[in-house]
Amino acid sequence: MKAAILYNIKEPLRVIKTDNPVIAENEVLVKLKAAALNHRDVWVQKGLYAGIKLPVILGSDGTGIVEACGTAVNQKWTGKEVIINPSLNWGNDTKAQQKSFMILGLPENGTFAEYVKVGAEYIYPKPTHLSFTEAAALPLAGLTAYRALFTRAHLQKDERVLVTGIGGGVALFVLQFAIAAGAEVYVTSGSDNKIDKAITLGAGKGVNYKTADWVKQLQETTDGFDVIVDGAAGEGFLQLPELAKPGGRIVNYGATQGDVPKLNMRRIFWKQLSVLGSTMGSAEDFSNMVDFVNEKKIKPVIDKVFDLNDAELAMQRMANAEQFGKIVLKMD
């Protein structure tokens, strides 16, 4: 098969021919039609991720057709169009992942290839209203967004939500999921163009966090937010308690801007705020997310589609933060 392999950190992906995966009795072999990038892939390539073992086929998101099933797997899956849950070994406790938890694409070989093997419990029927390109964009970011918004923040209809850093895959799914659930959604970004695009998707208002008075702009427009979903942390996080309503929930799923310095705890306890961490999700979260996408007929926002041969160009686009939506690799 053809695969995009990372041999050394800070080096380009190399697309080469390699052996097809060999499945165990409880695994399936999926002939991939499309795969999507996540920031995780770029962080691994830069050497900014824990537990890097090379060489490895990157990629956590994938969709395709089951070509073969292990002897212990129901053969009904053969020939079925599926998406893959990249959240591996979560464990039985839905509150948090167990120590052996890992994400497809490191240390196990991932989806930047023509074939991938996964445990049969990680495949789900592809939503019929999605193309392979659209379905590839769903798993990791959709799961992360769903758990943050519903499992952790318990979003309710008619609540007001703020999504920081709109343009990335998770943030866009939070926007789409919250709107589909009947919430009012505001966004922030460092790009006016991305804010304008978010408004066309249903956001009520957006502010550019590079302006000095961005917090004041939001405070003048609303009386605060019931739920704030953030994937950046860093200094910008310091402003979020100011924007939350009393009793509000702030959910963080990432720290692309680093740790939060000198957080004002008085504001948090006096306003009775809940600050919640979230990452990926359980099998129950993934199943519920797929059901929600099917029910609401949600379609992922696709930024750009690259051929597998151009995987490194796709990685560069993500590293440069040029995207609005998911970057997808096609295998055909």
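Helices α3 (139–152) and α9 (residues 283–296) pack at an angle of about 95°, with their axes 9 Å apart. The two helices are therefore roughly perpendicular to each other, a term that covers angles of 65 to 115 degrees. Axes are lines fitted to C-alpha atoms, for helices over the stretch in contact, and angles run from 0 to 180 degrees between N-to-C directions. Helices (H or I, at least four residues) and strands (E, at least two) are DSSP runs, numbered from the N terminus.

This is a predicted model, in which local features need pLDDT of at least 70 and side-chain atom pairs count only at pLDDT 80 or more, while totals for chains, interfaces and linings use all residues. Residues are numbered from 1 along each chain as its sequence is written, and side-chain values use heavy atoms, with hydrogens and water left out.

On the α3 side, P139, G142, L143, Y146, R147, F150 and T151 are in contact (heavy atoms within 4.5 Å) with D285, F286, N288, M289 and F292 of α9. By class, this contact comprises 7 nonpolar, 3 polar and 2 charged residues. Ala, Val, Leu, Ile, Met, Phe, Trp, Tyr, Cys and Pro count as nonpolar, Asp, Glu, Lys and Arg as charged, and the others, Gly among them, as polar.

Residues H39, D41, V42, Q45 and K46 of α1 meet E312, M315, M318 and A319 of α10. The residues of this contact are 4 nonpolar, 2 polar and 3 charged.

In α10, residues A311, E312, A314, M315, R317 and M318 are buried, that is, under 20% relative accessible area (1.4 Å probe, protein chains only). Their cover includes α1 together with strands β1 (2–6), β17 (302–307) and β18 (326–330). After α10 comes A321, with a positive phi near 55°.

The two pockets below were found on a 1 Å grid over the protein atoms alone; a pocket is an open set of points where a 1.4 Å probe fits, with protein on both sides within 12 Å along at least five of seven lines, and lining residues have an atom within 4 Å of a point. Grid points are joined across faces, edges and corners, and a volume is the space filled by probe spheres set on the points.

| Pocket | Volume | Lining by class |
|---|---|---|
| Largest pocket | about 1500 Å³ | 23 nonpolar, 20 polar and 7 charged residues |
| Second largest pocket | about 370 Å³ | 10 nonpolar, 7 polar and 5 charged residues |

The largest pocket has 50 lining residues, and H39, W43, G231, A232 and T256 lie nearest its centre. Elements giving two or more residues to this lining are α1, α3, α4 (169–180), β12 (184–189) and α10. Helix α1 gives the most, with 5 residues.

Around the second largest pocket there are 22 lining residues, of which E27, E108, N109, K117 and V118 lie nearest its centre. Strand β9 (residues 115–119) supplies the largest share of that lining, 5 residues.

Residue L32 belongs to strand β3 (residues 27–36) and is buried, with a relative accessible area of 2%. Leaving aside neighbours within four places in sequence, L32 is in contact with G62, T63, G64, I84, T111, A113, E114, Y115, V116 and M331. L32 and V15, 17 residues apart in sequence, are separated by 15 Å in space, C-alpha to C-alpha.

Definitions and conventions: Buried means under 20% relative accessible area, exposed over 50%, partly exposed in between (1.4 Å probe, protein chains only). Angles under 35 degrees count as roughly parallel, over 145 as roughly antiparallel, 65 to 115 as roughly perpendicular and the rest as oblique.
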